[in-house]
Amino acid sequence: MATRDCVAPVVRIEAGVRPLQVPTPRADFAIGLLVLDGLLMRRVGLDGRYGAELLGEGDLLRPWQRDDLGTTPAVAGEWRLLRPCRIAVLEAGFALRLGHYPEVTAALFDRTVRRSRQLAVNMAIVHQPRVEVRLRILLWMLAGRWGRRVPEGLRLPLPLTHAILGELIAAQRQTVSTALGELARLELVLPEEAGWLLRGAAPPELQEVAPLLDPDPTVG
């Protein structure tokens, strides 16, 4: 019954840097936007410095919601679609139909909590003093969601440039390039045409942030 009743309009957005061009529902009733597939990055800047987070299938967004509370310094936000995305618009009609299915509501809340936990993990990563360690923790963490096992190691098929990685771990692009060169020399992180190949054992520092991750992460 939930599958029949809880339907929502879906929009497709091509890759690129742009505002999320979706029908803007009434913000006081709408739940948000649910990413069905694709990959996008949210950048937030303050005084010319940017942080970022990666979002994909299952993540819940509210791009019309302000990033500041009116009393904090102004921040600049930007959405970059790294792959084409299909997004469900969970508007007021969906919210009304959802009221009959608390288990679906709980699942959506689970998605929002998962995203907040992920941001806490990102904060823990950027406090690592060595950029090589930050990169390895980040890439292995992302592989827990998007990676897959192959005979050569763990393949992460994400189009993450040195500049994007820098924003994800709070490091300059040139510093990231130098660190990736060292990791490649050690054959721990190797670039591939469609992403990255992780080799060897998971970094021991990953255990420090493991309690912040969702329980029992699996690699497909």
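Me: Contact means heavy atoms within 4.5 Å. Which residues is A8 in contact with, leaving aside its neighbours within four places in sequence?

Reply: A8 is in contact with V89, L90 and F94. The model is predicted, so local features need pLDDT of at least 70 and side-chain atom pairs count only at pLDDT 80 or more, while totals for chains, interfaces and linings use all residues. Residues are numbered from 1 along each chain as its sequence is written, and side-chain values use heavy atoms, with hydrogens and water left out.

Me: Where does A8 lie, and how far is its C-alpha atom from that of G93?

Reply: A8 sits in the loop between α1 (2-5) and β1 (10-13). Helices (H or I, at least four residues) and strands (E, at least two) are DSSP runs, numbered from the N terminus. The C-alpha atoms of A8 and G93 are 8.3 Å apart, although 85 residues separate the two along the chain.

Me: Why does A8 count as partly exposed?

Reply: Buried means under 20% relative accessible area, exposed over 50%, and partly exposed in between (1.4 Å probe, protein chains only). A8 has 26% relative accessibility, so it counts as partly exposed.

Me: What makes C6 and W79 count as buried?

Reply: C6 has 17% relative accessibility, so it is buried. W79 has 11%, so it is buried too. W79 belongs to strand β6 (residues 76-90). Its C-alpha atom is 9.0 Å from that of V44, which is 35 residues away along the chain.

Me: How many disulfides does a search of the whole structure find?

Reply: A disulfide is a covalent bond between the sulfur atoms of two cysteines. The test is a pair of cysteine sulfur atoms within 2.5 Å. The search finds zero.

Me: What is the relative accessible area of C85?

Reply: C85 has 0%, so it is buried.

Me: Why is helix α5 called largely enclosed by the rest of the structure?

Reply: α5 covers residues 162-169, and six of its eight residues are buried, so the rest of the structure largely encloses it. Those buried residues are I164, L165, G166, E167, L168 and I169.

Me: What makes a set of residues a nonpolar core, and how many residues has the largest one?

Reply: A nonpolar core is a set of buried Ala, Val, Leu, Ile, Met, Phe, Trp, Tyr and Cys residues joined through side-chain atoms within 4.5 Å. The largest has 35 residues, and L54, L135, L160 and L165 have the most contacts inside it. Elements that each supply at least two of its residues include β3 (32-46), α3 (102-126), α4 (131-146), α5 and α6 (173-185). α4 gives the most, with 11 residues.

Me: What does L165 touch, not counting residues up to four places away in sequence?

Reply: L165 touches L135, L138, L139, L160, V176, L180 and W196. Apart from this core lies another, of 12 residues, among them L33, V35, W79 and C85.

Me: Why are α5 and α6 called roughly perpendicular?

Reply: Two packed helices are described by the angle between their axes and the distance between the axes. Axes are lines fitted to C-alpha atoms, for helices over the stretch in contact, and angles run from 0 to 180 degrees between N-to-C directions. Angles under 35 degrees count as roughly parallel, over 145 as roughly antiparallel, 65 to 115 as roughly perpendicular and the rest as oblique. The axes of α5 and α6 cross at roughly 105° and come within 8 Å. The pair is therefore roughly perpendicular. H162, A163, L165, G166 and I169 of α5 make the contact with R173, V176, S177 and L180 of α6.

Me: How do you know that α4 and α6 are roughly perpendicular to each other?

Reply: Their angle is about 75°, with the axes 9 Å apart. The two helices are therefore roughly perpendicular. V131, E132, L135 and R136 in α4 meet T175, V176, A179, L180 and L183 in α6.

Me: What is the phi of A170, and where is A170 found?

Reply: Phi is near 60°, a positive value in a residue other than glycine. A170 is in the loop between α5 and α6.

Me: What is the phi of E187, and why is E187 called partly exposed?

Reply: E187 is not a glycine, yet its phi is positive, about 60°. It lies in the loop between α6 and β9 (189-192). Its relative accessible area is 47%, so E187 counts as partly exposed.
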